[in-house]
Amino acid sequence: MQASGTTFPQRVSVAIVDKRLQAALARASGGLAQRRAALVAALPEFEALRERARCVKEHVLANLDGYLERYEEQVTRRGGQVHWAATAEDARAIILEICRKANARTVTKGKSMVSEEIGINPALEAAGYEVIETDLGEYIIQLAKEPPSHIIMPAVHMTRQQVGDLFDEHHRPLGYTKHLTEVSEMVDEARQVLRGHYFRADVGITGGNFLVAETGSSIIVTNEGNGDLTQTLARVHIVTSGIERVVPTLEDATTFLRLLARSATGQETECYTTVSTGPRRADDLDGPQEYHVVLVDNGRSKMLGGPFREMLRCIRCGACLNHCPVYTSIGGHAYGWVYPGPMGSVLTPLINGIDKAYDLPNACTLNGRCQAVCPVKIPLPGLLRELRRQQFESGLTPAPIRWALQVWAALAKRARLYHWATRIAIPLLSRLGRRRGALSWLPLAGGWTGTRDLPAPQGGTFQQAWRKRRRGQR
Amino acid sequence: MRVGLFVTCLADLMRPSVAFAAVKLLEDAGCMVEVPAGQTCCGQPALNSGDSVDARAIAQRVIAAFDGFDAVVGPSGSCMGTLRHDYPALFADDPAWRARAESLAQRSHELLSFLVDVLKVERVDARYDGKVTYHDSCAGLREMGVRDQPRKLLAGVQGLELVEMRGTEECCGFGGTFCVKYPEISTKMVDDKIAHIEASGAGTVAGGDLGCLLNIAGRIKRRGLPVRVVHTAELLAGMGARPSIGEPEGS
């Protein structure tokens, strides 16, 4: 799913004055950061878990081909089928073909960011399938016809009032006439509406938080149990996942599960952790007749051998979003694609092209909070800076910024010239702001002086004053 | 100990009193302080804009200027983080310069952590009357481990009452060129920061990085709020009573 014709700065301007969005963001992010901090403080081995998770991921990435082959072998042995999708287009074609062969009409979906990445919903709908999102947040934004604004809480940008109105519009024809104001009522009503869909569904699509090479299992975590119903009640279960989500053993998976719940939603564990291994066996009471895994590359193998390999450690917990002062100021939609926040600012240019998302790596203060909370220690600020370097080298950096840098660097590289020039310029600037102590306007500095004064320099430069003082002491 | 002062471009140009305060604190702790003339800036504007060629050229000059000092100390977590963490990485493919960069990195310290962690300074002789809240600048906090050191020394200043604000570890929205490239987001962030400062009841906010302080003071001045903004080193050197950032000199 690509953003419509607006630019990042345009979307920012809209988001920053959107009072409802700002209220929703303030409420959600603050609470999550606090909940996470409390749980981390209560778990002495949290840092050791992070380090272990980092090591396991690095080991897997160094041996990814072997683990993926092992995983496919195990899935096949248990009666499932693995499909390899090099691109988003391939992934869509594979899923459409599975649905066609299954004579499907209705497709239910558990929450899956990979399915957003490959844009499966529009493709399925265009082919005539009825698609129903079953995660409450995803269900809400599907009704609202909006993309997710957060990778864990897709409808975090909406208020309770907005959801109540949305349910009025879509549930009234189904016989639900009461206007809802309480969250618990909305959850109940959505559950009732969704319940019927699970039983009608021919195909259930879920994501895969972890793929276990040892057993050929896929693991999902949810808080609503919707994933279980989606994958158990449909005739065909399709798992969509990135190739980097494989882990060696079930025991390794538990390391990540402990980190994921705490980092994502500030819980010790999610309400449902579901392990799926193949289709229904002869003596199983329930389960799908077919089990497919669509492994999506879509740019990932290209990252493997380069400076962005560490991004492939990402477990999609969203902690970097919740702790990012830019994300919590503008919300997810401003980023323009399915992955927002720090992780999205790295992934989006890598998947869609660094020329397609110039602003994302740049709209960051490099404050480092994302890296500090990342459960797998991804050096996100460093990766963003590497993207800036590639942009600069490919000439994508806007000309005025390049020119300004050149002038400044020419001076900064020549200390004598620099000290001479600043000895002249700084006292002038100081005199301009002497009366107020600050300047309210400067040519070419609108980015600063539009909303801020520029505190005036005290007087001369330190270098000059220091040399003078030293001469006086001799 | 022979200490080379990394002045930082912002202290050099905008607020020399911060550098003089650093010199005083270092000299009081028994250091012999020198200020190499070959320094200008650490090169972050180039580095963070993706211009690694100029960043390397500037880094080479800084490395050369600070050859031979026992320690290199600067009143900024951000600039000193660049010297310590980014310079070695800039010369990953150049063994000779890499070795020199590593040597500088090992000798580089943020002022307050140098005073407390290396020189074991327990308290300073200074007075400041008022309620002060401390803003944790991001690079100092997360790259240089500066958190307890400034609080410890500030708490020992006579007349000074240290109060914590909410969200003290949240970015103020400066971010170098970020604040001029994305002024709307930056302004939202600094307004959030100012709200926390005001809610703390402190009349003064102190911090360890002039970039953040110019941003916070510039916005406070534009909004006409009665909050003083000062560098921690100034408070600790007994220079807290001089005009704060954005106040006219001689006031």
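Predicted model: local features only at pLDDT ≥ 70, side-chain atom pairs only at ≥ 80, totals over all residues.

A: Chain A has 23 helices and twelve strands, and its C-alpha trace spans about 95 × 55 × 45 Å along the principal axes. If you look at contacts in chain A with a separation of 6 or more, 74% of them come from residues 24 or more positions apart. Chain A is divided into domain 1, covering 82-301, and domain 2, covering 407-473. Taken over C-alpha atoms, the centres of these two domains of chain A are 57 Å apart.

Now for the close look: the packing of two helices in chain A. Helix α2 of chain A covers residues 19-41, helix α12 of chain A covers residues 250-265, and the two pack at an angle of about 145°. Their axes are 7 Å apart. On the α2(A) side, the residues that meet α12(A) are A:Leu32, A:Arg36, A:Leu39 and A:Val40. Their counterparts in α12(A) are A:Arg262, A:Ser263 and A:Thr265. Sorted by class, this contact of α2(A) with α12(A) holds three nonpolar, two polar and two charged residues.

Next, the contact between the chains. Chain B puts in 60 residues and chain A puts in 53. On the side of chain B that touches chain A, several helices each supply at least two residues, including α2 (16-28), α4 (52-65) and α11 (183-200) of chain B. The biggest giver there is α12(B), with seven residues. By class, that side of chain B splits into 28 nonpolar, 16 polar and 16 charged residues.

Staying with chain B, there's also a sheet to look at. This is an open sheet of four strands in chain B, in the order β6-β5-β7-β8, with parallel pairing. At the edges sit β6 (158-163) and β8 (228-231) of chain B, each of which pairs on one side only. Ignoring direction, neighbouring strands of this sheet are turned by 35° against each other on average. Zooming in on one pair, strand β7 of chain B (residues 204-207) runs parallel to β8(B), and four bridges join them.

Technical notes: Residues numbered from 1 in each chain as written. Chains lettered and ligands numbered in written order. Axes fitted to C-alpha atoms, helices over the stretch in contact; angles between N-to-C directions. Contact = placed C-beta atoms within 7 Å. Nonpolar A, V, L, I, M, F, W, Y, C, P; charged D, E, K, R; others polar. Pairing = 2+ DSSP bridges. Domains from an automatic or database assignment.
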